[in-house]
Amino acid sequence: MSKARVLLAEDHVLVSEGLTKLLEADFTLVGTVVDGHALVQAVKKHTPDIAIIDISLPLLNGLEAARQIKKCEPQTKIIFLTMHSEDHFVREAFKAGGAGYILKQSATAELVFAIKEVYQGRTYVSPS
């Protein structure tokens, strides 16, 4: 199977750089962005297989960006990577078109597993 093409949307540079280093061995990273507007434009430009999105993005939050992505590029699968563990965030993420929901406190192996699951058409939610 080919490597999933992944776009990362994370506004904290340190987190973004760390995730890039952790994921680049298993996936093809097509870009990183720091806000919701840039995310929507990058998805249109790169048409990634998967967009990993922080809910709390500036300018346009991750939930609204996901809704826009699903309208213009419905084939892009969305995984939310967030600190928000509350049920209402999880529900809204899936309503917005999410296929995965991972908490930032999760282990790297869980994120890699989730990306592979979503890439194969399944959904994933952090057990915690």
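**View 1. Contact between helices H1 and H5 in the predicted model.** From H1, the residues Leu19, Leu22 and Leu23 meet Thr108, Leu111, Val112 and Ile115 of H5. Sorted by class, this contact of H1 with H5 comprises 6 nonpolar residues and 1 polar residue, with no charged residues.

**View 2. Crossing of the axes of H1 and H5.** Two packed helices are described by the angle between their axes and by the distance between those axes. Here the axes of H1 and H5, the latter formed by residues 108-119, come within 11 Å and cross at roughly 65°, which makes H1 roughly perpendicular to H5. The crossing of H1 and H5 is right-handed.

View 3. Leaving aside residues up to four places away in sequence, serine 16 touches Leu8, Glu10 and Thr32.

**View 4. Helix H5, its buried residues and its end.** The 12 residues of H5 should span 16 Å at 1.5 Å a residue, and the end C-alpha atoms of H5 lie 17 Å apart, which agrees. Buried in H5 are Glu110, Leu111, Val112, Ala114, Ile115, Glu117 and Val118. The buried residues of H5 pack against H1 and against the strands S1 (5-9), S3 (50-53), S4 (77-82), S5 (98-103) and S6 (124-125). Just after H5, glycine 121 adopts a positive phi of about 95°.

Notes. Residues numbered from 1 in each chain as written. Predicted model: local features only at pLDDT ≥ 70, side-chain atom pairs only at ≥ 80, totals over all residues. Heavy atoms only, no water. Contact = heavy atoms within 4.5 Å. Axes fitted to C-alpha atoms, helices over the stretch in contact; angles between N-to-C directions. Helix = DSSP H or I, 4+ residues; strand = E, 2+ residues; numbered from the N terminus. Parallel < 35°, antiparallel > 145°, perpendicular 65-115°, else oblique. Left-handed = near helix turned anticlockwise from the far one by under 90°. Nonpolar A, V, L, I, M, F, W, Y, C, P; charged D, E, K, R; others polar. Expected span 1.5 Å × (residues − 1). Buried < 20%, exposed > 50% of the residue type's maximum accessible area, 1.4 Å probe, protein only.
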